[in-house]
Amino acid sequence: MQLVDLTYDRPDLLEQAAELLHARMPEGWPDVAAAREEVDAALDPARIARAVVAGDTLLGWAAANERYTDHVWEIHPLVVRVDRERSGVGRTLVRDLEDRVRAMGIHTMFVGSDDELGPTSLAGVDLYPDVIGHLARLQNLRGHPIGFYRRLGYSVIGVMPDANGFGQHDIYLARRLVPQHDPRVMARASCRHAPDNWLTGPQVHLPSGS
């Protein structure tokens with residue numbers, strides 16, 4: 001297995017990526033055309049798109065994008081061939097994306113995992129008004145991806161009720177990538193909170209009442 005960037009100069013891999021996305025997640029991408037649009041969006045220079053390949057065959061791919069400037073990136077999407085599940089492909093992709101954003105000083109990785117097909121205890125349940133109570137009792141009944149992410153150190157942090165229709169919720173997970181006081185994070189925070197005039201020279205004091 002080899003990790004590679006998804007790029008326009010490998011149209012064969014891009015087509016495989018679209019076909020795989022549609023095949024594994026038809027509820028989100030009901031046809032290959034829609035999946036091709038998602039693959040194209042993942043190639044935006046502001047995002048990261050990576051694939052695991054064996055020769056010319058794509059085994060899985062994932063993309064990540066910034067959600068909260070300088071702080072949080074999101075994995076979206078992540079898809080693996082059914083015959084390569086539990087072989088380390090998904091784990092390899094997640095850890096690779098984590099390493100890349102960690103090197104940028106990002107401290108948190110986030111993922112949303114839909115429950116549209118009923119594999120968790122939240123499926124079909126009206127979560128209101130006790131949304132947090134239902135979330136606290138969350139159970140993985142039939143192999144929902146929350147189990148995969150939890151094994152990689154992710155924590156369930158929330159849920160968007162009815163995100164895909166009544167009773168079809170989006171479960172949120174996240175993982176801290178660096179310690180709270182990591183120098184990379186502190187350095188970015190210092191730059192972000194610098195005074196407004198830090199690039200423009202001495203402060204100019206206006207007369208009172210102006």
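What percentage of the 210 residues of the protein count as buried, and what is the order of the strands in the sheet?

Guide: The model is a predicted one, in which local features need pLDDT of at least 70 and side-chain atom pairs count only at pLDDT 80 or more, whereas totals for chains, interfaces and linings use all residues. Residues are numbered from 1 along each chain as its sequence is written, and side-chain values use heavy atoms, with hydrogens and water left out.

Of the 210 residues of the protein, 40% count as buried; buried means under 20% relative accessible area, exposed over 50%, and partly exposed in between, with a 1.4 Å probe and protein chains only. The accessible surface of the protein comes to about 11800 Å², and carbon and sulfur atoms account for 53% of this area. That area comes from the Shrake-Rupley method with a 1.4 Å probe; for residues, only the protein chains shown count as cover.

The protein has 6 helices and 7 strands, where helices (H or I, at least four residues) and strands (E, at least two) are DSSP runs numbered from the N terminus. Their sequence from the N terminus is β-α-α-β-β-β-α-β-α-α-β-β-α. Contact means heavy atoms within 4.5 Å. Among contacts between residues at least 6 apart in sequence, 60% join residues at least 24 apart.

The sheet itself is open, with 7 strands in the order β1-β2-β3-β4-β5-β7-β6 and mixed pairing; two strands pair if DSSP finds at least two bridges between them. At its edges stand β1 (2-5) and β6 (155-160), each of which pairs on one side only. Neighbouring strands of this sheet are turned by 30 degrees against each other on average, direction ignored. For such angles, axes are lines fitted to C-alpha atoms, for helices over the stretch in contact, and values run from 0 to 180 degrees between N-to-C directions.

Within the sheet, β5 (residues 108-115) and β7 (residues 169-176) run antiparallel and are joined by 8 bridges. Val111 stands opposite Leu173 in β7. Strand β5 also holds Thr108, which counts as buried because its relative accessible area is 15%. Leaving aside neighbours within four places in sequence, Thr108 is in contact with residues including His71, Val72, Trp73 and Ala174.

Helix α2 (residues 32-42) lies across β2 (48-54), β3 (57-68) and β4 (72-80), and runs at about 60 degrees to β3. Helix α3 (residues 89-102) packs on the sheet, touching β1, β2, β3, β4, β5 and β7, and its direction makes about 145 degrees with that of β2. At 1.5 Å a residue, the 14 residues of α3 should span 20 Å, and this agrees with the 20 Å between its end C-alpha atoms; the expected span is 1.5 Å times one less than the number of residues. Among the buried residues of α3 are Leu93, Val94, Leu97 and Val101.

A further feature is an aromatic cluster formed by Phe148, Tyr149 and Tyr154. Rings of Phe, Tyr and Trp (its six-membered ring) pair if their centres lie within 6.5 Å; planes under 30 degrees apart count as stacked, over 60 as edge-to-face and the rest as tilted. The count of aromatic pairs is 3. Phe148 and Tyr149 form an edge-to-face pair, 5.0 Å centre to centre with 70 degrees between the planes. Tyr149 and Tyr154 also pair edge-to-face, 5.6 Å centre to centre with 70 degrees between the planes. Phe148 is partly exposed at 22% relative accessibility, while both Tyr149 and Tyr154 are buried.
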